[in-house]
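Here are my notes on the model you sent. They are in numbered points, to be read beside the coordinates.

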Amino acid sequence: MLELKKIDAGYGFLQVLWEVSLEVEEGEFVALVGPNGAGKSTTLRTVAGLIKPKAGKVIFDGDVINDLPAHIISRGGISYVSEDLNLFRDMSVRENLILGAYAVTDRETQLEILEFIFSLFPRLEQRQNQLAGTMSGGERKMCAIARGMMSNPKLMLVDEPSLGLQPSLVNDVFSALLRLRDQGVTILLVEQNVNATLEFTDRAYILEQGRIVMEGPSKEVKQNKHVQNAYLGI
Ligand SMILES: Nc1ncnc2c1ncn2[C@@H]1O[C@H](COP(=O)(O)OP(=O)(O)OP(=O)(O)O)[C@@H](O)[C@H]1O
Ligand SMILES: [Mg+2]
């Protein structure tokens, strides 16, 4: 479904990604992990069309998309939940969610998706009329993920959903992602919580200093000595 072929990308003269290649098959739940500053968010931004790669190709559903503007890419079925959330603070939770459904024009279908989202995140249903800006950090995070789901995406790019959340909310967020995967949504997840992430994803890529240094089934990656030393503190 998604393929990155030898992507070089960065900011101005700063090159961050070096020949990054990765693949996500339809229905797969894939993790991208690595240390701070490795280029994980840059990779997601490149797929979302917010950064144009200097070299290489991003291929989605058989089409090269790296020359397309971000809004066309998102309409094409790629939803990007960034670290900084981008919620409308002066609108209610419900309004934020409905705005996320821009690609779904049918009102009936919008409400069906909203029902489903509320079943994943009961807390959002309880607080649907609260202004997004007055929600706690954890609640805002859930709201952003939920909004990313509202467009009924084929592929979700999720950047560090557990960052700053207490453990019980981390579990809520992870189980929501798993239920989403069970609904057939393909997910590329960036996470600091490497231990948990390697438990429930199908495959993982390790990105260090802008290069993919390892890939494989998550269970196998978890057994790797380097991964255990560098990320799992074993
Ligand atoms: N807008 C920008 N302009 C210039 N440099 C940037 C910009 N965004 C990121 N960088 C740099 O690119 C490198 C990779 O950043 P990136 O955000 O992709 O890392 P990351 O792997 O997501 O790290 P973290 O785990 O801390 O989120 C870093 O050195 C960062 O300082
Ligand atoms: Mg990041």
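1. Is Gln-209 buried, partly exposed or exposed? This is a predicted model, and in it Gln-209 has 13 other C-beta atoms within 10 Å. The buried class needs 20 or more such atoms and the exposed class 12 or fewer, so Gln-209 is partly exposed.

2. The backbone of Gln-209 deserves a look. Its phi is positive, about 45°, and Gln-209 is not a glycine. Most residues other than glycine have a negative phi. Gln-209 sits in the loop between β9 (203-208) and β10 (211-217).

3. Lys-6 also has a positive phi of about 45° without being a glycine. Its setting is a strand, β1 (residues 2-11). Lys-6 has 13 C-beta neighbours inside 10 Å, so it counts as partly exposed.

4. Next, the ligand site. The residues around ligand 1 include Tyr-11, Leu-14 and Val-16. Also among them are Gly-34 and the run Asn-36, Gly-37, Ala-38, Gly-39, Lys-40, Ser-41 and Thr-42. By class, the shell splits into 4 nonpolar, 6 polar and 1 charged.

5. Which elements each supply at least two residues of that shell? They are β2 (14-24) and α1 (40-48). The largest share, 3 residues, comes from α1.

6. Val-30 lies in strand β3 (residues 29-33). Val-30 has 20 other C-beta atoms within 10 Å.

7. What does Val-30 touch, leaving aside residues up to four places away in sequence? The partners are Val-24, Leu-188, Thr-201, Asp-202, Arg-203 and Ala-204. Take Leu-188: it is 158 residues from Val-30 along the chain, yet their C-alpha atoms are separated by 4.9 Å.

8. Now the chain as a whole. Among contacts between residues at least 6 apart in sequence, 65% join residues at least 24 apart. Buried residues account for 42% of the 234 in the chain.

9. The secondary structure comes to 10 helices and 10 strands. The radius of gyration is 17 Å, close to the 17 Å that the globule rule gives for 234 residues, so the chain is as compact as a globular protein of that length. Along the principal axes, the C-alpha atoms fill a box of roughly 45 × 40 × 30 Å.

Note on methods:
Residues are numbered from 1 along each chain as its sequence is written. Chains are lettered from A and ligands numbered from 1 in the order in which they are written. This is a predicted model: local features need pLDDT of at least 70, side-chain atom pairs count only at pLDDT 80 or more; totals for chains, interfaces and linings use all residues. A residue is near a molecule or strand if its C-beta atom, placed from the backbone, lies within 6 Å of it. Helices (H or I, at least four residues) and strands (E, at least two) are DSSP runs, numbered from the N terminus. Ala, Val, Leu, Ile, Met, Phe, Trp, Tyr, Cys and Pro count as nonpolar, Asp, Glu, Lys and Arg as charged, and the others, Gly among them, as polar. Two residues are in contact if their C-beta atoms, placed from the backbone, lie within 7 Å. The radius of gyration is taken over C-alpha atoms; the globule rule is 2.2 Å times the number of residues to the power 0.38.
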